[in-house]
Amino acid sequence: MPERQLHLGYMHWLNGTHWGGWRHPDAPTARAFELEYATKALRITEDAKFDFFFLGDTLAGDIAAEQWITTHNTGRLEPFTLASQLALNSSKIGLVVTAHPTFYEPYILARLTASLDHLSGGRLAWNVVLGASDLAARNFSLPDLGGAARYERADEFIHVVQRLWDSIEEGAYLQDKKTGHYVDETKIHRLDWQGTHFQVAGTLPLERPPQGHVPLLYAGASELSRELTAKWADINFTGPATPRESIAFNADVRQRAERLRGRVDPIFFLPGITPLIGDTRAEAVELYEELNTLLPYDDDIVEGDRDESYWSGPEGARIRASSFPLPKGARSVRSLTERVGVDLRALGIDGRVEPGTAQRFNGYGHRLLTALAERTGRTPDNGGVRVRDLLGAAIAGNFPLVIGTAGQVADTLIDWFDQGAAEGFNVSTPFLWEQLERFTGEVVPILQERGVYRTEYTADTFRGHFGLDIPPNSFTTADRQEERSA
Ligand SMILES: Cc1cc2nc3c(=O)[nH]c(=O)nc-3n(C[C@H](O)[C@H](O)[C@H](O)COP(=O)(O)O)c2cc1C
């Protein structure tokens, strides 16, 4: 077996990541508040020897609007509470909880994560997020998220959390019945942290977590996100579009990490992907197109639900300039027209886009055509591009889809892995359960046969799955340095 092994995480979204997926006839009715629903996904992925089970989290406010987008945001169990139950229902798979530093205190977060790392036997990881919803801030007596200052807060936050994890060294609990010493005072440390955002005395009343420091995940590709990953993260799961982009991103972050950490640490890049699997490529494409018909569109799919004043105002201008998935209320041929810069309304939703029309598209329109060709093989030249195909792609465009047979999906993953563009993938499914089970039942065995993926777990901890060392305790290291210089 080759040394280098691919890593897989499962990003658990209640209804999968395709926004129309929950309406598919085979999709289950999600049961967001029942443990059995999450544990079913946990069992499927632990049986397939996944490295981790990933619980994202947002503290959004506009629940009614979320139904048109990421339906899993309409109701969420608190991630630490859910993860503690998942820990009880599994024994090997890593568990990733998500927490936004803006909405926690480092002491609370350190306590939650250290507790869960102990209770799960060292299987926890923390996904640090800085998602930009000001709505969430208003649930925390904050006017907004603090703009770029939230990255600064996160930086100090993570440092304080790591120091708190270190505050009681391993072996501190003597319980010496003879002498009456319950703890070894020399192994218990105070932080006395006086920072810009936080003042934390310590000590955290917990022995250092089994993993020393709970591993950190992060997703994001902006300048500030690159710096944050480079300084703190063990894993980044941003989704670059091509292997070339990914290689450049990874090299950039690793270079920054050397500068910021003063050493070469492994950082794992696990792009997020949504595989969509069929018996044949044509069947997979057909499924993708069926899912797109299930997206919530405007009531008037050609003219849209907005009037002229909307399109001539600031909101219309924002949508025109953006390349984000079209929001509900602007999911029509009219919106597409604004986006690609060519009026397509006369063609209707099922009209064909001729090569001459496509040539007049702006840059966004051409990128849409490229994505469509990659996903479905439809091009203006082969007469395959209908207006509905472009509209679907302009809405369901936020997750990198890999569409094909199980063999083709495996080939794509291995190609990225072999090129050094990824150490693995944070996998999501377009809808449950069939597509998730096809990935674990058909793609994973191919990866195993090809020798790039484990057939049995060889470790019991999150760090163990990734071969990550337990970092030294910062208090112990400081003491040793003091001893040396004394
Ligand atoms: C695949 C992916 C998943 C994410 N999940 C969450 C999440 O669950 N909660 C959240 O608040 N932010 C989430 N984010 C946002 C990130 O935490 C971060 O704020 C953002 O990616 C910064 O992006 P940028 O640096 O590229 O601008 C996610 C980002 C990506 C790319």
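According to an unreviewed UniProt entry, the feature "binding site" lies at Asp-57, Thr-98, Tyr-151 and Ser-222. UniProt positions follow the numbering used here, feature names are shortened, and annotations may be inferred rather than shown by experiment. The structure is a predicted model, in which local features need pLDDT of at least 70, side-chain atom pairs count only at pLDDT 80 or more, and totals for chains, interfaces and linings use all residues. Residues are numbered from 1 along each chain as its sequence is written.

**Two annotated positions**

- Asp-57 is located in the loop between strand E2 (52-54) and helix H2 (63-66); helices (H or I, at least four residues) and strands (E, at least two) are DSSP runs numbered from the N terminus.
- Asp-57 counts as buried because 20 C-beta neighbours lie inside 10 Å; the term buried requires 20 or more other C-beta atoms within 10 Å of the residue's own, exposed means 12 or fewer, and partly exposed lies in between, with C-beta atoms placed from the backbone.
- Thr-98 belongs to strand E3 (residues 94-99) and is partly exposed, with 19 other C-beta atoms within 10 Å.
- Not counting residues up to four places away in sequence, Asp-57 touches Arg-76, Pro-79 and Thr-98; contact means that two C-beta atoms, placed from the backbone, lie within 7 Å.
- With neighbours within four places in sequence left aside, the contacts of Thr-98 include Asp-57, Pro-79 and Asn-127.

**Surroundings of the ligand**

- The ligand is surrounded by 17 residues, of which the closest are Gly-56, Gly-131, Gly-220, Ser-222 and Ser-225; a residue is near a molecule if its C-beta atom, placed from the backbone, lies within 6 Å of it.
- This shell comprises 5 nonpolar, 11 polar and 1 charged residues; Ala, Val, Leu, Ile, Met, Phe, Trp, Tyr, Cys and Pro count as nonpolar, Asp, Glu, Lys and Arg as charged, and the others, Gly among them, as polar.

**Helix H1**

- The 13 residues of helix H1 (residues 35-47) should span 18 Å at 1.5 Å a residue, and the end C-alpha atoms are 18 Å apart, which agrees; the expected span is 1.5 Å times one less than the number of residues.
- The buried residues of H1 are Ala-38, Leu-42, Ile-44, Thr-45 and Glu-46, and their cover includes strand E1 (7-11), E2, helix H3 (79-88) and helix H17 (434-449).

**Domains**

- The protein is divided into domain 1 (7-276 + 401-476) and domain 2 (296-395), with bounds from an automatic or database domain assignment.
- The centres of the two domains, taken over C-alpha atoms, are 35 Å apart.
- Contacts join 4 residues of domain 1 to 4 residues of domain 2, and the side of domain 1 that touches domain 2 has 4 nonpolar, no polar and no charged residues.
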